[in-house]
Amino acid sequence: MTLTRTIPVLDPRTGETEFTITAASADEVRATCASLRQEQHAWQARGIEGRIDVMRRWREEVLRRAEALGERDAADTGGVSTSWSQGFITLANIDGWIDDAAAVLERASVQRPSVTMPHVEVRSQLVPYPLVGVISPWNAPMMLGLLDAIPALFAGSAVIWKPSEVTPRFLEPLFESVRAVPELASVFRFVLGDGETGAAVTGSVDMVCFTGSVPTGRKVAVACAERLIPAYLELGGKDPAIVTSTADLERATTSVLRGAVYATGQVCYSVERVYVHRSIHDAFVDLLREKAERVEFNARDPKQGHLGPFIFAPQAEIVRSHLDDAVAKGAKIVTGGEIERIDGGQYLRPTILTDVDHDMRIMRDETFGPTIPVMAFDTVDEAVRLANDTTFGLTASVLAGDETEALSIAERINAGSVFIQDTFLTFGKSRTIGTNSFGHSGVGGSRTGPESMLRFVRRKALMTNHGDVADIQNDRYGVRQ
C-alpha cells in the first residue's frame, strides 16, 4: 500500500502555509509516463509543421492568460520583478521556436552521396527521444522549466514536468492553457512532488533536463548514468565580476549592484563575488554603498520596490551562515547584513562586504542572496586567477575602460558566458548562440542557442547503395581513402 504524502506550500511573503499538495507516487508517475509514451507516436507523426500549428494554437491560449501567469509566478516568488512578465516571456519562447524550429531541423538534415563511398546515398532521419523529463527549481519556476519543455515538444518528444514543490502556483493557469489544446495536452503533463517524485521521473523517462543544486544534480547524473540515458544539468554558479582600474565607476557600480541583487540574488547567473583594482577599490565601495542603500524592499506592495523576500525560507539560513562565516574570518560588512522579518517574510538589504578572501564560504560556495563581497586585486593576472579559482563556471562579467581591454580579460575566464561592460546579459544569447557551462555549473549541450532543440533528437543514417553489391569473393566496394 502506497502512503499518501502531502507537502505544505508556504507563502514567501508571510512564511505561512498557504495550501498543501499531494506528492505523486512512483506508480502514478509510471502510469503518467506510459500514457505520454503512447500518445507521443501521433505527436511525432504530425511532423514539424503539424506541431507548429498546434503550438500556434497554444500560444493564443497562453496570451489569454498572460497576466494570470505573471500573477501566479509572482505569488510563487514573492513578486520579484521578472515574475510579472513571465506570461509574456513564455509567449516569446513559443514564438521564437515557431519561427526557428523548422529551419533548425532542416539544417540538421543530410541527403547527399557518401564522401567515402560515392555510390552510396546518405540521408538522415531525426528521431526524437520519446519522453523527456523536466525537473525545474524554485527560482524562476515557470521560465526555467519551459526553456527545456518547449523545444522538446517542437522536436516531437512528449514531456513530463516535475516542478519544485516550493513554487507550484503557476501550474494552474499554465496547464489550463495546455488543456485548451487537446493535441498538446496528450503529450505534455506534470506531476507534483519532492525529490522522491523527481527520482521516479528520472527512472521512467528517456532523457532528463534538470536545473537545480549541485548535490541534487549529482544524484540525477548517477541515476541517468545507471540507466544509460542522457542528462542535461544546469547547476548554478559563483559568478565573478572584474572591475579594472580604467573602468567607469558610475557604470561599474550600477551594473554590479543590479547583477548582484536583481531578483534578490536568487538567480544562477547573479554576480556573487567582485574583484576591483586596488587603485579604485575604496571609491568603488563607497559609491556602491550609496547606491545600495537606495534599494527598497517590495514588502508593502509586490509591484513596488526592488527586492522581494527569500523564496525558500531555508535559503535565508544559508545566506546568514555565509555572512557569519565571513565576519568570523575577518570580513567587514559595509552595509546591510541583517535578515529582516516583515509580515512573516524574510528580507535582506543589499549587503556589501570587504576584506574578503577565498577562505570564506561567501567567496567559494553559491550564496544565492543579495550579497556583494568585494576583493581588491593588483594585476589583471591576479584578477583572472581569482575569477577562475572556483569549481563553477556559469557566467562572469568584465568592466574596463574600453571594450578591447575587457574582451582581452573575458577571453581568459572559464565561464560559459562572459558579459562585457555590463552584468546580467544572459537573455541576450537566447536563440543566438549556444554555450556550455564550465566546471560544476552544468553538463550537456546548451539550452539557449538556435540548435538547442537538437538535444531532443537522435540522428539516424539511412544509406542506399545505388551501385553493385559487393561479392564476398570479390569484395571491392570502392571505398575512397
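Glu-272 counts as buried, with a relative accessibility of 4% (buried means under 20% relative accessible area, exposed over 50% and partly exposed in between, with a 1.4 Å probe and protein chains only). This is a predicted model, in which local features need pLDDT of at least 70, side-chain atom pairs count only at pLDDT 80 or more, and totals for chains, interfaces and linings use all residues. Residues are numbered from 1 along each chain as its sequence is written, and side-chain values use heavy atoms, with hydrogens and water left out.

Glu-272 sits in strand S11 (helices, H or I with at least four residues, and strands, E with at least two, are DSSP runs numbered from the N terminus). Its side chain reaches the backbone nitrogen of Thr-367 at 2.8 Å. Not counting residues up to four places away in sequence, Glu-272 touches a set of residues that includes Gly-237, Lys-238, Asp-239, Ile-362 and Pro-373 (contact means heavy atoms within 4.5 Å).

Asp-239 leads on to strand S10, residues 239–243. Here 5 of the 5 residues are buried, so S10 is largely enclosed by the rest of the structure. Both of its faces are covered, with Asp-239, Ala-241 and Val-243 buried on one side and Pro-240 and Ile-242 buried on the other. S10 runs parallel to S11 (residues 271–277), and 5 bridges join them; two strands pair if DSSP finds at least two bridges between them. Across this pairing, Asp-239 stands opposite Val-271. S10 also runs parallel to strand S17 (residues 395–399), joined to it by 3 bridges, and there Val-243 has Leu-399 as its bridge partner. Together with helix H10 (residues 249–261), S10 and S11 make a right-handed β-α-β unit; right-handed here means that, with the strands pointing away from the viewer, the path from the first strand over the helix to the second runs clockwise.

A cavity is a set of points, on a 1 Å grid over the protein atoms alone, where a 1.4 Å probe fits but cannot get out, and lining residues have an atom within 4 Å of a point; points are joined across faces, edges and corners, and the volume is the space filled by probe spheres set on them. Of the 14 lining residues, the closest to the centre are Pro-240, Arg-273, Phe-392, Gly-393 and Asn-414. S10 and helix H13 (380–388) are the elements that give two or more residues to this lining.

Elsewhere, 6 strands form an open sheet with mixed pairing, in the order S7-S6-S5-S8-S9-S19. Its edge strands, S7 (188–190) and S19 (442–443), each pair on one side only. Within the sheet, S5 (residues 131–135) and S6 (residues 158–162) are parallel over 5 bridges, with Val-132 opposite Val-159. Strand S9 (residues 231–234) holds Glu-234, which counts as buried at 18% relative accessibility. The side chains of Glu-234 and Arg-447 are joined by a polar contact of 3.1 Å (a pair of N or O atoms within 3.5 Å; within protein, one must be able to donate a hydrogen and the other to accept it, and residues adjacent in sequence count only if both atoms are side-chain atoms).

Helix H8 (residues 195–202) has Thr-197, Gly-198, Ala-200, Val-201 and Thr-202 as its buried residues. Their cover includes helix H1 (26–45), S5, S6, strand S8 (207–211) and helix H9 (214–227). At the start of H8, a side-chain oxygen of Asp-194 comes to within 3.2 Å of the backbone nitrogen of Glu-196. Another buried residue, Phe-154, has a relative accessible area of 0% and belongs to helix H5 (residues 141–155). Leaving out residues up to four places away in sequence, the residues that Phe-154 touches include Ile-48, Trp-97 and Met-453.

Finally, the backbone. Most residues other than glycine have a negative phi. Leu-228, not a glycine, has a positive phi of about 55 degrees; it lies in the loop between H9 and S9 and counts as exposed at 77% relative accessibility. Gln-421 also has a positive phi, near 65 degrees, and lies in the loop between strand S18 (417–420) and S19. At 15% relative accessibility, Gln-421 counts as buried.

Key
1 Å grid on protein atoms, 1.4 Å probe; cavity = no way out; pocket = protein on both sides within 12 Å on 5 of 7 lines; lining within 4 Å.
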